[in-house]
Amino acid sequence: QVIKCKAAVVWEANKPISIEDVEVAPPKAHEVRIKIVATGICRSDDHVITGALVSPFPVILGHEAAGVVESVGEGVTSVKPGDKVIPLFVPQCGECSSCLSTKGNLCSKTDFGPVSGFMPDGTSRFTCKGKVIHHFIGTSTFTEYTVVHETGVAKIDSGAPLEKVCLIGCGFSTGYGAAVKTAKVDPGSTCAVFGLGGVGLSVVMGCKAAGASRIIAIDINKDKFPKARELGATDCINPKDFKKPIHEVLIEMTGQGVDYSFEVIGRTETMAAALACCQCNYGVSVIVGVPPSAQKITFDPMLLFTGRSWKGSIFGGWKSKDSVPQLVADYMKKKFDLDPLITHKLPFTKINEGFDLLRTGK
């Protein structure tokens with residue numbers, strides 16, 4: 001049965017999102033149709049609108065969500081109608097080299113790199129006004145109903161509050177995992193976190209959970225400092241308050257640089273600064289923010305020659321299908337709190353206001 005519902009469609013770059021009536025086709029074999037209950041707004045969605053992240057238009061964005069399974073295609077065994085689920089923008093097929101490796105989590109079935117904007121079979125489940133609408137990284141959650149592949153959905157605790165655990169679909173897991181899983185922050189270490197949005201604050205939470213003794217939070221918006229302190233930051237600094245480059249400030253503050261640094265903005269200048277501010281021999285710097293498609297980075301290779309490690313982290317290094325249900329279970333056991341990461345709740349029709357709040361740092 002085709003479902004007619006409301007969805008937020010982006011027809012072209014740099015234009016407001018349009019709430020439209022769309023048709024959502026039934027799931028094919030090994031696909032799952034989900035009723036979306038709650039979805040977060042992430043900077044990566046905005047990167048598509050501004051053209052910094054290249055994805056075909058028209059498109060239904062959104063990738064951080066939670067919902068309930070409405071129907072399943074033939075051959076689906078891991079979920080059934082009525083199950084509470086989180087869609088996974090990094091799927092877990094269990095068969096590719098990354099899924100089979102203990103070191104990897106970026107499943108080859110993901111729609112990253114050159115984004116196709118389609119389901120794995122090369123087609124779309126969305127139409128609007130007679131036009132095919134593209135999917136976004138296999139999830140497309142800015143709609144009342146979406147279709148995902150079975151490898152890209154995780155069944156979660158039936159008691160979980162969907163309007164909170166939706167953050168485990170991207171922001172929280174990405175930041176928290178970058179600290180505890182990718183960097184493997186150790187007790188007593190010093191950390192620097194560049195960017196204090198929802199993901200950056202989740203990095204702060206991860207550093208604190210890992211036992212870091214000093215967590216230096218960096219942002220040009222000082223309004224973000226109280227929340228960062230509440231979640232575990234020991235120092236908060238604004239690069240605009242200094243005449244010298246921020247990496248020099250951090251080296252002075254710590255004596256020799258931080259043990260771990262995290263770039264959670266997606267800017268090449270801050271990526272270079274985050275690398276330069278970590279200890280010259282055993283410092284680890286992790287890129288968490290999505291880099292802009294068109295830019296290249298220039299840095300002094302001596303920074304790496306002396307021993308620093310520069311790493312990327314996608315979805316916090318978690319194997320999605322295995323880890324998301326476990327993270328939800330940990331949330332239910334109060335191992336971490338998601339409330340501080342939720343600043344506003346808006347009705348779906350006010351999605352453009354949500355993006356305005358994101359862009360103004362609120």
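Q: Starting point: contact means heavy atoms within 4.5 Å. What kind of model is this?

A: This is a predicted model, where local features need pLDDT of at least 70 and side-chain atom pairs count only at pLDDT 80 or more, while totals for chains, interfaces and linings use all residues. Residues are numbered from 1 along each chain as its sequence is written, and side-chain values use heavy atoms, with hydrogens and water left out.

Q: And what counts as a helix or a strand?

A: Both are DSSP runs, numbered from the N terminus: helices are H or I with at least four residues, strands are E with at least two.

Q: OK, which strands does H4 lie across?

A: H4 lies across S13, strand S14 (284-287) and S15, and runs at about 135° to S13. Angles here run from 0 to 180 degrees between N-to-C directions, and the axes are lines fitted to C-alpha atoms, for helices over the stretch in contact.

Q: What's the strand order in the six-stranded open sheet?

A: The order is S12-S11-S10-S13-S14-S15, and the pairing is parallel. Two strands pair if DSSP finds at least two bridges between them. Strand S12 (235-237) and strand S15 (309-312) are the edge strands, each pairing on one side only. From one strand to the next, the twist averages 15°.

Q: How many bridges join S10 to S13?

A: Four, between strand S10 (residues 190-194) and strand S13 (residues 260-263), and the two run parallel. One of the details there: Cys191 has Tyr260 in S13 as its bridge partner. Helix H8 (residues 268-276) packs on that sheet too, touching S10, S13, S14 and S15, with its direction at about 175° to that of S13.

Q: Back to H4. At what angle do H4 and H5 pack?

A: About 40°, with the axes of helix H4 (residues 171-183) and helix H5 (residues 198-209) 7 Å apart. H4 and H5 are therefore oblique to each other. For the cut-offs, under 35 degrees is roughly parallel, over 145 roughly antiparallel, 65 to 115 roughly perpendicular, and the rest oblique.

Q: Is the H4 crossing of H5 left-handed or right-handed?

A: H4 passes H5 in a right-handed crossing.

Q: Which residues in H4 and H5 meet?

A: On the H4 side you have Gly171, Phe172, Thr174, Gly175, Tyr176, Ala179 and Val180; they meet Val199, Ser202, Val203, Met205, Gly206, Cys207 and Ala209 in H5. That contact divides into nine nonpolar, five polar and no charged residues. Ala, Val, Leu, Ile, Met, Phe, Trp, Tyr, Cys and Pro count as nonpolar, Asp, Glu, Lys and Arg as charged, and the others, Gly among them, as polar.

Q: New topic. How do H1 and H11 pack?

A: Helix H1 (residues 43-50) and H11 pack at about 100°, with their axes 11 Å apart. H1 and H11 are therefore roughly perpendicular to each other. Arg43, Asp45, Asp46 and Ile49 of H1 make the contact with Phe355, Leu358 and Arg359 of H11. By class, this contact of H1 with H11 has three nonpolar, no polar and four charged residues.

Q: Where is Ile351 found? And is Ile351 buried or exposed?

A: Ile351 is in helix H11 (residues 351-359). Ile351 is buried, at 7% relative accessible area. Buried is under 20%, exposed over 50%, partly exposed in between, with a 1.4 Å probe and protein chains only.

Q: What does Ile351 touch?

A: Ala8, Ile17, Ile19, Ile41 and Phe142, not counting residues up to four places away in sequence.

Q: What about Val76, where does that lie?

A: Val76 lies in the loop between strand S4 (64-72) and strand S5 (84-87). Val76 is buried, with a relative accessible area of 13%. Leaving aside neighbours within four places in sequence, Val76 is in contact with His30, Glu31, Val32 and Glu150.

Q: You mentioned Glu31. What does Glu31 stand opposite?

A: His149 in S8. Strand S3 (residues 31-40) and S8 pair in the antiparallel sense over five bridges.

Q: Why is S8 described as largely enclosed?

A: Because four of the five residues of strand S8 (residues 145-149) are buried, the strand is largely enclosed by the rest of the structure.

How values were computed. Left-handed = near helix turned anticlockwise from the far one by under 90°.
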